[in-house]
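Take a look at the model first, then work through the points below.

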Amino acid sequence: MARAGLSAERLTRAAAELADEVGFENVTVSALARRFGVKDASLYSHVKNVQDLRTRVAVLALAELADRAAAALAGRAGKDALVAFAGAYRRYAKEHPGRYTAARLRLDPETAAASAAGRHAEMMRALLRGYHLAEPDQTDAVRLLGSVFHGYVSLEEAGGFDHSRAARDVEASWHRALDAVDALLRNWPPA
């Protein structure tokens, strides 16, 4: 019998908060049960196992991030859209590091199709239409943008920029990287 007050949605939200506090890799059914002051078995009425719990957090994170990116992108085009979209990803990663990690969890095809993952790709493609890129260049550019955004954010979160005595701060470098990406997208090389 399900414990009163517990639901899959409540557990997912609590697991997302836990991920932000202790890291996504440390989200377990036991850790979540401790948070609610219940035995692990009490949660299995709502989630199958730790993989199910983590998948639910990933789906939640993808939806949250898609909503933020869509709001940032609304009414923008070209470089303005690029900067807004990239900024939404970067802010989300800073505010919700565990959820950001969760959003990169490999999902099975059925779960991915039912999640907001497709919205992310659609928004990137919409952004790229402002640069007049057609297929197959558009797919290459989607992969490039994902690599640049995720690469920069991941290095920043891991302290990868803390070791240099640079003349430019991390924020200024972020904006210069986006300037460079914008220039590349405006001058996409022919195949």
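Start with how the chain folds back on itself: of the contacts between residues at least 6 apart in sequence, 68% join residues at least 24 apart. Keep in mind that you're looking at a predicted model.

**The overall picture**
- Of the 191 residues in the protein, 41% are buried.

**Surface and charge**
- The protein exposes about 10400 Å², and carbon and sulfur atoms supply 53% of that.
- There are 26 positive and 24 negative side chains, and the centres of these two sets sit 2 Å apart.

**A look at helix α9**
- Helix α9 covers residues 170–186, which makes 17 residues.
- Which residues of α9 are buried? They are Trp174, Leu178, Val181, Asp182 and Leu185.
- Look down the axis of α9 and these buried residues fall within an arc of 100°, so they line one face of the helix.
- What does that buried set pack against? Its partners are α4 (78–95), α7 (117–129) and α8 (137–157).

- Gly118 belongs to helix α7.
- With a relative accessible area of 37%, Gly118 counts as partly exposed.
- Gly118 and Trp174 are 56 residues apart along the chain, and their C-alpha atoms are separated by 26 Å.

Key: Residues numbered from 1 in each chain as written. Predicted model: local features only at pLDDT ≥ 70, side-chain atom pairs only at ≥ 80, totals over all residues. Heavy atoms only, no water. Helix = DSSP H or I, 4+ residues; strand = E, 2+ residues; numbered from the N terminus. Expected span 1.5 Å × (residues − 1). Buried < 20%, exposed > 50% of the residue type's maximum accessible area, 1.4 Å probe, protein only. Arc of directions from axis to C-beta. Contact = heavy atoms within 4.5 Å. Areas by Shrake-Rupley, 256 points an atom, 1.4 Å probe, with all protein chains shown as cover. Lys, Arg positive; Asp, Glu negative; His and termini not counted. Charge placed at Lys NZ, Arg CZ, Asp CG, Glu CD.
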